[in-house]
Amino acid sequence: MDAAVNLTRFKWTQAFSAEKLIYLIPGAIVTYLVLPPLALLIMSSFRKTQDQLPIEAVPWTFANYLHVFTSAESYVLFQNSLTYALCTVVVASTVAVVLVWLIERSDMPHGDLCMSLVLIPLALPGLITAIGWSFLASPRVGVFNVVLRSLFGMDAAIGPLNIYSLAGIIFVSALSIIPSIVLMLSGAFRNFDPALEEASEASGASALRTQRSVTLPLLRPALMGAFIYNLADALDNFQIPSVLGLNAGIHVYSTKIYLATNPLSGLPDYGLASGYSMLLFLLAMGLIIAHQRTMQRQHNFAVVTGKGYRPRRVALGKWKYLAFSGVGLYLFLGAVCPLLVLIWTSLQPFFSMPSAEALARLTLSNYRALLDLGQFKAAITNTLVVSLAVATATMVLSSLTAWMAVRGRFRGSSIPDFLTFVNTAVPSVVFGLAIMLVYLSFPIVRIYGTIWIIIIALCTRYLSFSTRLMGGAVVQIHKELEEASEASGGSPWVTVFRITLPLLMPALLSGWLWVAVHTLREATIAVMLMTPANVVLSALVWEKFQQGGEHGLVAAMSVVIISISMTLTFFGRKVLLPRQN
Amino acid sequence: MNYRLIILVSVVLAFICGGASDSSSQNWETLLQKLYPAAKKEGAVHFNGAGGGGIEIGGKDGMEKFSKRFPGISIVVSGLSSSKLYPRVIAEARAGSLTVDMDVEDPPAVKPMIDRGLIAMMDPKELTDKPEHFRFVFDNKLPVSRHQITHLAYNTKAVSKNDLPKSYEDLLNPKWKGRLAFDGRGMWGFTHLRILWGEDKFWKFINGLTAQQPLWSTRCNSATDKVVTGEALIGCVSMTSLDELKKKGAPVEFLPISPVFVRIELFVPFKNAPHPNATKLLIGWALSPEGIEAMNKAGSGMVVPGTPIYDVLKPTGVELFFADRLTPEQLDLVQKTRGEMAKAWGAVK
């Protein structure tokens, strides 16, 4: 009898061991965050919601999918969306890899400063970057066009640049996501053990060949993870295509979904919006499968082992200043120009191009108007609270989820990781709507209308990125380190806090910073969930931009957002992510 | 004639009239004071107005006057358009979690919400001591808040007065190709041409306008920005924005072509809102002499003789078409036309 009781007790102890609880609790949380909105999205796509909501008693139908897959506009949408997303990520990834390599693996001067400056565009919301570039490269009155026409004596009244084109949208979007990719890759590049490179060069390979044949292939999980994540993110991007594409009649899926949920007249068609969203979801699923297959070969890419190492920097020689100039060019286009235009616009009483006459009109009236704007102060407080809460909660949850996926030894350990990535496929505009409907439909959790619904929505939204990031970092830590700790008598907690966590810290802090800054600039979900009580700065900027005619006020608020996020980024880089020499 | 009797009667009449006007000016205050205690308990009213900054209730000055007269009630302002706000209100109403108390919108946009039973209909006598002076629509239950005009304006640096179009049809002149700008709010006026001109002429005009490849955006005031920068030579601008821009020195001016469409906007209180009494008080105050003065000063208000906006339009000689006169069927046609035009112009590059 005692043996039977002991056996039962042993089985319960095994079933509910601390290790499993540590795995199961975050798994349960992630499942709760991701599944209900997904379920509502799928349900909505099969409902005929013309003039009604999907949760009301409306007929079931396949009409939404028929429209999505067979209508005349579908082919154009598909072509535009894929071209836009692929080209954006290819361009951005190429530039980002070069930048990260120069900053983390070469002796380019002022690397710390360059890293801080490269991250500045991260602080510019996509919406504001697009507005800035519309001022710079609008075909008729854009600053660059006016200057170029004057410099080259062109007679044409428009051009040569046209930001309201697919190429223009790709260009601005690529500039916008380069810092994200840099942050995603910097940890992996920094932790790379140079012994493999030294071995390659000792065998006679050139530095260039070593980078191409040894370094980059070993960094493939991180590179692929970044590429795939940002491809899905580009498909979801709404702000830049909406500002630059709608006027030119260039539609992508995200703008189409927005227009379906925010029509000029009548009520939204959530069913059709969900139908388009499901298409994006399917595209992302293909990306997930590719990503998962890459992760399955993880053990081949472990480069942080039990042996000690010191990061090595490649000497650029006479090329270092050219490299530095290249970084400068990216900064000029990605940060300096949009920033200057924003500051200029914020100091003008009404929108106008730079001129001597406009110089005489410089004023601080827009900043004074901000102080009179009732919701501005509340928005600042809400923004700071939301950013800190989202970043912290997201990184804790994603670290546990990533660890569970990589190290979990039981069936289903990778399901939460899978769910976080699946969630990436849900467009932000529809995800915001789905979250709203979930918490309206189940008022037992009374967070609707508060900042907590925004915190939960953004945590869910950024889980994917942070889990990819932490997954890439966990993959690089070989099991032998943990095994050595256990063999030496260290408890699991000692192993975690004294060995694993310090090794993961660069990625953790990079991720925290990324999430905090992205939260500051995120507008789509904040707008969908905005009520008078939970307005944040990005949503306020969006609201004012939508009203139109207040570019000065919008620019002034943008400058405030940028100042806050630049401070956060600089502080993070200097204090949280010091460069290893 | 007994002049003493005439003088005595005159004095008595003057006393009665003066006393009456004094009592009527006390009446609106007395009326609103009855609403104040319940409103004060609620402490706030969440007002949404797409115009921005609460201009529909007098802007910053108006809100300060309200708060001064009724301390303890704050006005929280949001500025979503009805296309964004109303779907949310529908969803929130289903869950019993409304977060907005009231909006300001025109009848075609409000009608679907009334049909869904989401609007709190009001008794005019609870809001004003002079209900006969105001227009209430939808079975006399929703007060008209203001007239709103979005008409055409031109860039004064790029277009001379001699080149200005004299009629809507002149906009189809090839010289304006690619130089016109319209937006979600500005296209509102064109929808009424369908009622004035009939189907054939209207769609011929719209198709011609589409062929002009206008710069088009769904954002409310985007056309204003384009006219100011010179990217567009002519575009739609609200009269309120035009006034503010001209004060700041922007090179824009009103384009005097007829008719100028004057739409009405209503105060739209939502049913089961979180602060119903404060909402009622705010609407009552907006209909009071103090509120009307604040709205007129802010550039909002009614386009009637004696108001600033009327004084601006009168000298131009334009004909005003008031949307108040539309029948319910015409309202539906206007709303339908918006959707059709948005679809047609969505294809414009």
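A residue is called buried if 20 or more other C-beta atoms lie within 10 Å of its own, exposed if 12 or fewer, and partly exposed in between, with C-beta atoms placed from the backbone.

Before I continue, a word on the source. This is a predicted model, in which local features need pLDDT of at least 70 and side-chain atom pairs count only at pLDDT 80 or more, while totals for chains, interfaces and linings use all residues. Residues are numbered from 1 along each chain as its sequence is written, and chains are lettered from A and ligands numbered from 1 in the order in which they are written.

Which residues does I454(A) touch, not counting residues up to four places away in sequence? They are V386(A), A526(A), L529(A), N534(A) and V536(A); contact here requires that two C-beta atoms, placed from the backbone, lie within 7 Å.

I turn to chain A as a whole. Its secondary structure comes to 26 helices and 0 strands; helices (H or I, at least four residues) and strands (E, at least two) are DSSP runs, numbered from the N terminus. Of the 581 residues in chain A, 51% are buried. Among contacts in chain A with a separation of 6 or more, 78% are between residues 24 or more positions apart.

Next, helix packing. Two packed helices are described by the angle between their axes and the distance between the axes. Axes are lines fitted to C-alpha atoms, for helices over the stretch in contact, and angles run from 0 to 180 degrees between N-to-C directions. Angles under 35 degrees count as roughly parallel, over 145 as roughly antiparallel, 65 to 115 as roughly perpendicular and the rest as oblique.

The helix α21(A) packs with helix α11 (residues 220–236) of chain A: their axes come within 10 Å and cross at roughly 170 degrees. The two helices are therefore roughly antiparallel to each other. On the α11(A) side the contact is made by P221(A), A222(A), G225(A) and Y229(A), and on the α21(A) side by S464(A), F465(A), R468(A), G472(A) and V475(A).

A second pair consists of helix α6 (residues 126–137) and helix α8 (residues 166–190) of chain A, packed at an angle of about 130 degrees with axes 10 Å apart. These helices are therefore oblique to each other. G126(A), T129(A), A130(A), W133(A) and A137(A) of α6(A) meet G168(A), V172(A) and S176(A) of α8(A). In the loop between α7 (143–152) and α8 of chain A we find P160(A), which is joined to G159(A) by a cis peptide bond with omega of about 10 degrees.

Now chain B. Is strand β1 (residues 44–48) of chain B enclosed or open? Because 4 of its 5 residues are buried, β1(B) is largely enclosed by the rest of the structure. The strand pairs in the parallel sense with strand β2 (residues 74–78) of chain B over 5 bridges, where pairing requires that DSSP finds at least two bridges between two strands. Strand β3 (residues 102–105) of chain B also runs parallel to β1(B), joined by 2 bridges. N48(B) has S78(B) as its bridge partner in β2(B) and stands opposite D103(B) in β3(B).

Some backbone details follow. Most residues other than glycine have a negative phi, and most peptide bonds are trans. S258(B) and P259(B) are joined by a cis peptide bond, with omega about -5 degrees. D139(B), which is not a glycine, has a positive phi near 60 degrees; D139(B) is exposed, with 8 other C-beta atoms within 10 Å. N272(B) likewise has a positive phi of about 60 degrees without being a glycine, and N272(B) is exposed, with 12 other C-beta atoms within 10 Å.

Finally, G291(B) is located in helix α12 (residues 289–297) of chain B. G291(B) is buried, with 25 other C-beta atoms within 10 Å.
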